[in-house]
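Good morning, and thank you for the time.

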Amino acid sequence: MKLQPKSSTIFLFWYLISICALVLEASNNNDGGFELEKKEEHHVKISDFPTGFFFGAATSAYQVEGAYLEDAKSLSNWDTFCHSVGCGENGENGDIADYHYHLFLKDIEIMHSLGLKAYRFSISWARILPRGKFGEVNPMGIMFYNKIIDNLILKGIEPFVTIHHFDFPQELEDKYGSWLNHEMQEDFVHLADICFKYFGDRVKYWTTFNEPNLFTDFAYMWGAYPPSRCSKPFGNCRTGNSDVEPLIVMHNMVLAHGKTAKLYYKKYKLEQGGSIGIVVNCLMFVPLTNSKLDVEAAQRAFAFSIGRVLDPLIYGDYPQEMHEYLGNQLPKFSIHEKYILKNSIDFIGINHYSSIYTKDCTNSTCSPTANRAIQGFLDIVAMRDGVLIGESTGIEGFYVVPKGIEEIVNEIKFRYKNKPMFITENGYSSPDLHEKQVNVILNDTKRVKFHQEYLEFLAKSIREGADVRGYFVWSLMDNYEWLSGYNVKFGLYYVDRETQTRIPKLSAIWYKNFLLNKTYPINIRAYA
């Protein structure tokens, strides 16, 4: 597909580029445009972090690549889902997304210009194995990712590769029900084997899954993600069982990780010298009150959300809280499976966006969806005494609570004996979802403030002994945000949907200066 920009759009593009050039100059010289006011007080700087710490940015395949049927790629579950029901407020989808499949060299140049030391991206399963284990490897898909990896390394940028970020070939859903079937474990191991074989000589940081805890809930409890399975009171899907299926799916994903790690350690680790981890969606659960019940509910929330992924991969079984509340509903691991799972990760990937209050439901009234065993008989709420836990963002349920990143890192540090950690995603979406004025989008002062404050608390946790080794901004550029389409904007770069031009926001300029160890405070103002 060749995009033909309109003449008016071209004029706007060159106007904006000129403005951005002035902005960049102004940020360095303080003589106009956006001014980042210098003050004497301390603000986070790159030197607050250990030598060798990875600062990067992240994306995922479906959200940026586009080219959804080019070069022998098959339809993914998300292609099918968005084409049938429509995703986003305007029925948008990832058919084009950020056109990264054709613009990846320009995007890597952007990363290099920012000074990034790492880039986290994911593999499109449908691009390299269009039919899974039922078909052949697609050489054009392999060539695409080889080019990305080679060009990243050429620019001094470390590739962090996620093997599965929500998308897989639709054929696997049609043939045997994907993650509800144990066959998916073997299909995933086959995919991982192909990735290690073709890319592992250069990729040293692998994560098997992105947010399996979020994926299982959104796809099989709430029915919001494909294959859109759920039951009442969680949703009104055509089929599904919200009390049972999320447990089956998580069980299969955890076992798929364990088998993949075993394969890597046995077949590739010695020669390739890489490491393998998993990425977990990590809310910080704060007790609504100081009562014993709410404190225990917050601990239970951690177990049911984060612990259900990490406990099996470090200790070989699900958290005790899950056994206690779910009983025989909780799938069991065999002795052999526990052996495979235990200590099957080298590091933990933390996707952290928000903190939330947690309320016990065993002795108080809660919503019908909260007062269930699958949820741990607890509810999450945003307000305490009529006050929000933090400033609202563009995503419902996400609030700005900077101290939360220190608290969740410390909690994971304590529970998992300071296993090495990476902040694999942390980002801010403006609540102005329908803002159409490009100059307002580019002047993203709240995003700058967000990252500065979160990094300050992250640096504090590291000073106190947490073994955190990297931080990835979500996201490099505005992209297709799953059910929210293109209205939600997390990126350091604005993407013009007509021309696919990438335009740096103020946050990109700040990040570049931060990585150059130029210190600027949170107080930012724009003037004409």
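The model is predicted, so local features need pLDDT of at least 70 and side-chain atom pairs count only at pLDDT 80 or more, while totals for chains, interfaces and linings use all residues. Residues are numbered from 1 along each chain as its sequence is written, and side-chain values use heavy atoms, with hydrogens and water left out.

First, the overall picture. Of the 528 residues of the protein, 60% count as buried. The protein has 17 helices and 19 strands; these are DSSP runs numbered from the N terminus, with helices being H or I of at least four residues and strands E of at least two.

I turn to the aromatic residues. Rings of Phe, Tyr and Trp (its six-membered ring) pair if their centres lie within 6.5 Å; planes under 30 degrees apart count as stacked, over 60 as edge-to-face and the rest as tilted. The structure holds 55 aromatic pairs. In one of them, the ring centres of Trp125 and Phe168 are 6.4 Å apart and the planes stand at 65 degrees, so this pair is edge-to-face. Trp125 belongs to helix H5 (residues 125-128) and Phe168 to the loop between strand S4 (158-164) and helix H7 (170-176), so the pair ties together parts that are 43 residues apart in sequence. Both Trp125 and Phe168 are buried.

Tyr353 and Phe398 provide a second example: with centres 5.1 Å apart and planes at 15 degrees, the pair is stacked. Tyr353 counts as buried because its relative accessibility is 6%.

Ring pairs also build a cluster, which links Tyr62, Trp78, Phe81, Phe166, Phe215, Phe218, Tyr220, Tyr225, Tyr480 and Trp482.

Leaving aside neighbours within four places in sequence, His165 is in contact (heavy atoms within 4.5 Å) with Ser60, Gln63, Arg120, Ser122, Asn210, Glu425 and Trp482.

Next, the nonpolar interior. A nonpolar core is a set of buried Ala, Val, Leu, Ile, Met, Phe, Trp, Tyr and Cys residues joined through side-chain atoms within 4.5 Å. The largest such core has 142 residues, and those with the most contacts inside it are Phe49, Trp179, Trp206, Leu458 and Tyr511. Helix H10 (residues 245-272) supplies the largest share of this core, 11 residues. Setting aside neighbours within four places in sequence, Leu458 touches Phe49, Phe53, Ile405, Val409, Ile423, Val468 and Tyr471. A second, separate core of 12 residues includes Phe160, Phe347, Tyr353 and Ile395.

Finally, helix H9 (residues 212-220) is mostly covered, with eight of its nine residues buried. Those residues are Pro212, Asn213, Leu214, Phe215, Thr216, Asp217, Ala219 and Tyr220. The buried residues of H9 pack against H7, strand S5 (205-210), H10, strand S6 (275-281) and helix H11 (292-315). Of these buried residues, Phe215 and Tyr220 are also among the members of the aromatic cluster.

Conventions
Buried means under 20% relative accessible area, exposed over 50%, partly exposed in between (1.4 Å probe, protein chains only).
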